[in-house]
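Please read the following report alongside the sequence and the coordinates.

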Amino acid sequence: MSDLDLAEELRAAIGDFVRRARVHDEMPPGQTAVLGHLARSGPLSIADLARLEQVKHQSMARTVGLLADQALVTLGRHDADRRQVMLTLTTSGGDALASARRARAAGIAHAIHENLDDAEREIIRRIPEVLRKLRP
């Protein structure tokens, strides 16, 4: 199998895995992604989030509105450019993100326990480290 064929197999398998893991999601992926960015980076503008998620500003503004309506983020103004809306993760937003991550991890842990033997579990233990080495 060539490196290109291996890469395609890996891409397809990861895509399938992510889709199956999303069954356990408690909120839409776009909202979870925004909360994740805010948790990792701190306050960000709508424009920054749109760039990170590779969506239009208008789409991100809708997502932000939904998060604000749920009190998962607060909206404020940028210190230097008052025209920019800045988002900050609230305590409730951090809790919602942690809950969503736990639910997904619990689903994956259940699948590992139910579907894999000891040798396969040992392979799975190494996958995160190996994937972190890949920088496409």
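The report below moves from the whole chain to the sheet and then to pairs of charged side chains.

This is a predicted model, in which local features need pLDDT of at least 70, side-chain atom pairs count only at pLDDT 80 or more, and totals for chains, interfaces and linings use all residues. Residues are numbered from 1 along each chain as its sequence is written, and side-chain values use heavy atoms, with hydrogens and water left out.

The secondary structure comes to 6 helices and 3 strands, where helices (H or I, at least four residues) and strands (E, at least two) are DSSP runs numbered from the N terminus. Read from the N terminus on, the elements follow the order α-α-β-α-α-β-β-α-α. The radius of gyration, taken over C-alpha atoms, is 18 Å, whereas a compact globule of 136 residues would have a value near 14 Å, the globule rule being 2.2 Å times the number of residues to the power 0.38. Along the principal axes, the C-alpha atoms fill a box of roughly 55 × 30 × 20 Å.

The 3 strands form an open sheet in the order β1-β3-β2, with antiparallel pairing; two strands pair if DSSP finds at least two bridges between them. Because β1 (44-45) and β2 (73-77) stand at the edges with a single partner strand each, one side of each is left without a neighbour in the sheet. Between β2 and β3 (residues 85-89), the antiparallel pairing extends over 5 bridges, and threonine 74 has threonine 88 in β3 as its bridge partner. Helix α2 (residues 29-41) packs on this sheet and touches β1, β2 and β3, its direction making about 85 degrees with that of β3. Here contact means heavy atoms within 4.5 Å, and axes are lines fitted to C-alpha atoms, for helices over the stretch in contact, with angles from 0 to 180 degrees between N-to-C directions.

The structure holds 6 salt bridges, each defined as a side-chain nitrogen of Lys or Arg within 4 Å of a carboxyl oxygen of Asp or Glu. The table gives some of them.

| Pair | N to O distance |
|---|---|
| Arginine 11 and glutamate 8 | 2.5 Å |
| Arginine 19 and aspartate 16 | 2.7 Å |
| Arginine 125 and glutamate 122 | 3.5 Å |

Arginine 11 and glutamate 8 are 3 residues apart in helix α1 (residues 3-21), and are therefore separated by about one helical turn. Arginine 19 and aspartate 16 also lie in helix α1, 3 residues apart, while arginine 125 and glutamate 122 are 3 residues apart in helix α6 (residues 118-133).
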